[in-house]
Amino acid sequence: MRNTSKPKVTKAMAIFLFLLLNLTCYIAKVNCQRFDIDDEIVTIVDHRRRQVYDIADFCVEKNGGTALGQKWLECVMAELEKGEQQGELGPFPLPSYTVNPLTLQHKYEDGINHGTLLGDLLRNYTCGRVQDGSSDPIEIKEWVYDEKNVMQESLYRRQSCPSKEDFIEGYRKIRGFLPAGNDLEYNADDVRSVQDAKKWCNEMAACEGFTFPKGTNSFYFKSRNAKVSDVNPNSDWTTYARRFLPTHCKDGETYSDSQEIPDDAYAAAPQTYQAKVIRHEPLVIVVPNFLTAEDCNALIDAGGSEEEMGAAHEQGGPSSYRRSFSSNIHVDYDNRTAHMTRIAEKHFALVRHFTGYNVHGNHGQEPINAVLYKNIGDEYRPHCDGPCHGGDYPHGSRVATSIVYCKIADGGSGQTSFTRSGIMVAPQQYDILLFAYRYKNFTMDNGFTEHSGCPIKAGKKWIATQWYREGVEDDIPWDLVEELDNEEEE
């Protein structure tokens, strides 16, 4: 009788196989998911990889020789569902799933979450197929960038003065509390809700805002030090800071022609670009040669040397999810002729044009994130930049991402893969990738924009990432903006 029991794998054998597996991944220059060493896990993962990759190869042949596109994903899932894979472990334990976008539920068997495993294997497989290149565009759209006009409009927006009537009832809601002192007295019987507090503060010329512990009606009204910058972040407190007219507007000053930038400060003629639309909704586009070599050199200089860029961390320790090096580039939006300001404003103009989002360059936006991938296998595992589980748009959250590729890895590696929708972007130097994740009905993407930075096989990759938010201003930075809480408004 044939012995059908599983072979005994000792701890020493497991460690040896684990090291051999990772050495194989290194030599093949393909990233492999790393699992904790626990007896048979390494051999199980290797077996499941072979099963999935065999099916993936079969579906490549059926899909015209490429692993790109929704049809390839649908083929792989259909073949896995047939359960015809051979081997002593039996068919792949397929979790519950949906396609478009691909969503895999958790399924634990043999100590492994096969939902997570399958997602990682499919991502690793497509990353390894550098020969597939980029997903084909479905449309080419022309974009004309008039730098002088954009910069003048941006200056006008920063320096124009709204009427007092437009500002008097405006508040910034911040997660945190205002420092003790400078309290205004009030009758607690007259103020029982946030709306009551706003009304009382509006009627008091000395009131700059109020703060209170969440879930209570214990309000503290402040006559001073109620600016956003004065708030101490704390999730148990909420602050409403009055919005006041900008300093240069308090004496009745307005924008005038005398504040315009000289004509020769910007490009003399508008520039025309051909944007490749890869998906309409949620939007994915690539604009070739968005920046120049001079622009990218300025970004790289601003990001610091390789030695100055820090290794990616998470929760205080080195990140295994993001193997790269990064630094932040802070843009001085008050300096209208600075090279970095001009680069940033071009980014925001692009996003406004193709998405319609009300996003503008200001000190409330997140800084440009410079990212360097310099070692073989450096990568960023699948993730979302904003909410990607559907649902309503949280006010102030990210709505779009752009990536400029200033240096690209050798051999076509280091692609940006949209892991749940079959889209791949093979970077070309100086191109920009833009993708959005808020729909026109103000709901969020439900997984189409999950993406990853594929492992580099040789050379180095240097990118500049910018995230975009609505509702942020110079005096309400991205890390303090918060969605209004309906319960507190009642």
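Reply: A disulfide is a pair of cysteine sulfur atoms within 2.5 Å. The model is predicted, so local features need pLDDT of at least 70 and side-chain atom pairs count only at pLDDT 80 or more, while totals for chains, interfaces and linings use all residues. Residues are numbered from 1 along each chain as its sequence is written, and side-chain values use heavy atoms, with hydrogens and water left out.

Me: How many disulfides does this rule give?

Reply: One of them joins Cys 384 to Cys 388, with an S to S distance of 2.1 Å. Another joins Cys 201 to Cys 207, at 1.9 Å from S to S. By the rule, the count comes to five disulfides.

Me: Is the disulfide of Cys 384 and Cys 388 left-handed or right-handed?

Reply: The handedness follows from the torsion about the S-S bond of Cys 384 and Cys 388. This torsion is about 85°, so the disulfide is right-handed.

Me: Is Cys 384 buried, partly exposed or exposed?

Reply: Buried means under 20% relative accessible area, exposed means over 50%, and partly exposed lies in between (1.4 Å probe, protein chains only). Cys 388 has a relative accessible area of 6% and is buried. Cys 384 has 25% relative accessibility, so Cys 384 counts as partly exposed.

Me: Which helices hold Cys 59 and Cys 75?

Reply: Cys 59 and Cys 75 form a disulfide, with their sulfur atoms 2.1 Å apart. The pair ties together parts that are 16 residues apart in sequence. Helices (H or I, at least four residues) and strands (E, at least two) are DSSP runs, numbered from the N terminus. Cys 59 lies in helix α2 (residues 41-62), and Cys 75 lies in helix α3 (residues 70-82).

Me: What kind of aromatic pair do Phe 210 and Phe 212 form?

Reply: Rings of Phe, Tyr and Trp (its six-membered ring) pair if their centres lie within 6.5 Å; planes under 30 degrees apart count as stacked, over 60 as edge-to-face and the rest as tilted. A search of the whole structure finds 24 aromatic pairs. Phe 210 and Phe 212 lie 6.3 Å apart, centre to centre, with 20° between the planes, and this pair is stacked.

Me: Over which ring does the charged end of Lys 374 sit?

Reply: A charge sits over a ring if NZ of Lys or CZ of Arg is within 6 Å of the ring centre and within 35 degrees of the ring normal. The charged end of Lys 374 is 4.4 Å from the centre of its ring, which belongs to Phe 325.
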